[in-house]
Amino acid sequence: MANSELDLIERIRKRVALPPGSGAILGIGDDCAIFRARGAAEDLLLTTDMLIEDVHFRATHRAQDVGWKALARGLSDIAAMGGEPRFCLVSLALAPWAGSRWVDGFYRGLLRLAARENAPLLGGDLAHSDKCMCDIVVVGTVPRGRALRRDGARAGNAIYVSGALGGSALGLARGRGNAWKRHLHPEPRIALGRFLRSELGATAAMDLSDGLSLDLRRLCLASGLSAQIWTPPVFPGATLEQAMHGGEDYELLFTLPARASVPLEFEGLPLARIGTMRRGRPGAVEYDGVPLAPLGYDHFRNV
Ligand SMILES: [Mg+2]
């Protein structure tokens, strides 16, 4: 089997129909699904995300960092749609090594972020397994019909990113310093996502979870366009390679009409233009005029 994650998602998506009148507005393939309850002024955003020992974290990581990151990843998907978090659910499978102290630490980290972002924990499940595994569900809201999706970019739109890229990949390689903190403690860009939706009129957005090269390709595919980019802001000490292909930065990637006026920063977070959406082969990304391979993190590339 040599399926990419994109191929697998596509295979699953082909088998799923959204029943008309069910309230399902957007299904598989974006940062969140969108559900519209009859007569509601707000749409619901739903996302689910797994965190697995030895894939996403190690037994040696502090439990509270693991709990924080589990929720931060889900909240980042809500941010990517321009939404407000409402609540979360967490299911946790515990390995034999994870005792009550680890569990306490995990929930301490998770609940600290949940309290800060107004996403109370409303339920979940507990089980045992050979490795620790966590599955999180986050539900958010957005004014009806206003969610930022990946498929809204138009030819000629400017492409932007928040922050600097490659910090998480650098941290993972170094295992210490500011970059390591960034890897362990990603910040979901909730306020920025809301600002992009309500003030800037962004046409499309997503969060950078798997690396710019792969995630921009996904945005391009969803919008049926190609992209031309130049060098993005690079996290201090990171390589260009880490900035282009490294995962888990959880910054926002978004598109805007070219004439939109964009502040240089939002609440201290830099916003930088990195390119332009173009007509052309959907999904193709050029960096300084040369095709850019989607080398970002794909769980299934080497399966
Ligand atoms: Mg995402």
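In the predicted model, Gly83 counts as buried, because 31 C-beta neighbours lie inside 10 Å of this residue. Gly83 is found in the loop that links helix H2 to strand S4. When neighbours within four places in sequence are left aside, the contacts of Gly83 are Leu45, Ile78, Gly140, Thr141, Val142, Ala147 and Gly193. The C-alpha atom of Gly83 is separated by 15 Å from that of Glu251, a residue 168 residues away along the chain.

The protein as a whole contains 8 helices and 14 strands. Its radius of gyration is 19 Å, close to the 19 Å given by the globule rule for 303 residues, and the protein is therefore as compact as a globular protein of that length. The C-alpha trace spans about 55 × 50 × 45 Å along the principal axes. Buried residues account for 44% of the 303 residues. Of the contacts between residues at least 6 apart in sequence, 83% join residues at least 24 apart.

The domain assignment divides the protein into domain 1 (5-143) and domain 2 (150-291). The centres of domain 1 and domain 2, taken over C-alpha atoms, are 22 Å apart. Their contact draws 19 residues from domain 1 and 18 residues from domain 2. On the side of domain 1 that touches domain 2, H2 and strand S4 (84-94) each supply at least two residues. The largest share of that side is provided by H2, with 10 residues. Classified by type, the side of domain 1 that touches domain 2 comprises 8 nonpolar, 4 polar and 7 charged residues.

The largest nonpolar core consists of 75 residues, and those with the most contacts inside this core are Leu45, Leu71, Ala205, Leu253 and Phe254. Helix H2 (residues 63-80) makes the greatest contribution to the core, with 10 residues. Domain 1 (5-143) and domain 2 (150-291) both give residues to the core, so it lies between them. For Ala205, the residues touched beyond four places in sequence are Ala80, Gly82, Leu148, Gly193, Leu196, Leu252, Leu253 and Phe254.

The buried residues of H5 (residues 177-184) are Ala179, Arg182, His183 and Leu184. These buried residues pack against H2 and against helix H4 (167-174).

S7 pairs with strand S10 (residues 252-256) in the antiparallel sense over 4 bridges, and Ala158 stands opposite Leu256 of S10. S7 also pairs with strand S12 (residues 269-278) in the antiparallel sense, over 5 bridges; here Ile159 stands opposite Gly275 of S12.

Strand S5 (residues 121-128) has 8 residues, of which the number buried is 0, so S5 lies largely in the open. S5 pairs with S4 in the parallel sense over 7 bridges, with Ser91 opposite Asp125 of S5.

Ile52 is located in strand S3 (residues 42-52). This residue counts as partly exposed because 15 C-beta neighbours lie inside 10 Å, a count between the limits of 12 or fewer for exposed residues and 20 or more for buried residues. Apart from neighbours within four places in sequence, Ile52 is in contact with Lys131 and Met133. Ile52 and Lys131 are 79 residues apart along the chain, and their C-alpha atoms are separated by 7.4 Å.

Conventions. Residues numbered from 1 in each chain as written. Predicted model: local features only at pLDDT ≥ 70, side-chain atom pairs only at ≥ 80, totals over all residues. Rg over C-alpha atoms; globule rule 2.2 N^0.38 Å. Contact = placed C-beta atoms within 7 Å. Core = buried A, V, L, I, M, F, W, Y, C linked by C-beta atoms within 7 Å. Domains from an automatic or database assignment. Nonpolar A, V, L, I, M, F, W, Y, C, P; charged D, E, K, R; others polar. Pairing = 2+ DSSP bridges.
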